[in-house]
Amino acid sequence: MERVSKTNYYLDIAETVSQRSTCLRRRFGAIIVKNDVIVSTGYNGAPRGRQNCNDLGVCMRDKLGIPRGERYELCRSIHAEANAIISASREQMLGSTLYLCCTDPKTGEVIGGMNCCMMCKRQVINAGISKVVIRNNKLEYTEIDVNDWIEDDDSLSGVFGY
C-alpha cells in the first residue's frame, strides 16, 4: 500500500472542507498549515446568520451572467481563503502554507485550473502566508510562492477574472 504524500494529504482535507460550502457555482475549501499543524480551515459561504445561496436557491452572479472572477460585490459568500484567514492569528499564519481545493457543487468532482481571486491574493499576502498549493486533480497540484504575487501585481494589469 502506497502512502499518500503530505501535500495530497492536506489537499484531501481541503477537498473535504469544500463539501461544507454553500455556493451554487463552485465549492472551495482552504486550510492553513504551519509546521505540520493545521492552523485553520475555511469554505465559501454567506456570513454567519445570513441566508446562503443554497438556502435561497439562487446565485445572483449566475442569474446576471457574470463571469468568474468579476463583480464579487454581488456575491453573498466570503471566500474560503478569507474564512481560513479570519480564523487564525497572524503569528500562526506567518510562513505558513494555504492549501486550496475547488469542487463542482453538482458532481463533487475536483475543478482544476483554479487560482485565488485578486481580493484573496491581497489577504494572503497581508496574512504573511508564504505558499499556496492548489489542487488540479487527485494527484496533481500547483504550488505558488506568494512573493510572486507581490512582484507580479496583477491589480495593475487591467485584466479581470482569473
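**Backbone, burial and strand pairing in the predicted chain**

At a relative accessibility of 44%, R71 counts as partly exposed, a class that lies between buried (under 20% relative accessible area) and exposed (over 50%), as judged with a 1.4 Å probe and protein chains only. R71 lies in the loop between α3 (60–63) and α4 (80–86), and its phi is near 55°, a positive value in a residue other than glycine. The model is a predicted one, in which local features need pLDDT of at least 70 and side-chain atom pairs count only at pLDDT 80 or more, whereas totals for chains, interfaces and linings use all residues. Residues are numbered from 1 along each chain as its sequence is written, and side-chain values use heavy atoms, with hydrogens and water left out.

The chain contains seven helices and five strands, where helices (H or I, at least four residues) and strands (E, at least two) are DSSP runs numbered from the N terminus. Read from the N terminus on, the elements follow the order α-β-β-α-α-α-α-β-α-β-β-α. The radius of gyration of the chain is 15 Å, close to the 15 Å that the globule rule gives for 162 residues, so the chain is as compact as a globular protein of that length; the radius is taken over C-alpha atoms, and the rule is 2.2 Å times the number of residues to the power 0.38. Along the principal axes, the C-alpha atoms fill a box of roughly 45 × 40 × 30 Å.

Of the 162 residues, 41% count as buried. The accessible surface of the chain comes to about 9300 Å², of which 48% belongs to carbon and sulfur atoms, with areas from the Shrake-Rupley method and a 1.4 Å probe. Among contacts (heavy atoms within 4.5 Å) between residues at least 6 apart in sequence, 66% join residues at least 24 apart.

Strand β1 (residues 27–34) and strand β2 (residues 37–43) run antiparallel and are joined by six bridges, two strands being taken as paired if DSSP finds at least two bridges between them. Within this pair, A30 of the chain stands opposite G42 in β2. The hairpin of β1 and β2 has two residues between the strands, and N35 there takes a positive phi near 50°. D36, placed in the loop between β1 and β2, has a positive phi of about 65° although it is not a glycine. Most residues other than glycine have a negative phi. With a relative accessible area of 48%, D36 is partly exposed.

V17 has its place in helix α1 (residues 6–18) and is buried, with a relative accessible area of 12%. Leaving aside residues up to four places away in sequence, V17 touches G29, A30, I31, T41, G42 and Y43. Although V17 and T41 are 24 residues apart in sequence, their C-alpha atoms are 7.3 Å apart in space. N52, in the loop between β2 and α2 (53–56), is likewise a buried residue, with a relative accessible area of 16%. With residues up to four places away in sequence not counted, N52 touches T22, G45 and A46.

An α-helix has 3.6 residues a turn, so residues three or four places apart point the same way. Helix α6 is followed by G128, whose phi is positive, near 85°.

Strand β4 (residues 131–135) and strand β5 (residues 141–145) run antiparallel and are joined by five bridges, with R135 standing opposite Y141 in β5.

K106, in the loop between β3 and α6, is exposed, with a relative accessible area of 74%. K106 and D154 are 48 residues apart in sequence, and their C-alpha atoms are 31 Å apart in space. Over the chain, the mean positions of the 21 positive and 20 negative charges are 8 Å apart; Lys and Arg count as positive and Asp and Glu as negative, while His and the chain ends are not counted, and each charge is placed at NZ of Lys, CZ of Arg, CG of Asp or CD of Glu.
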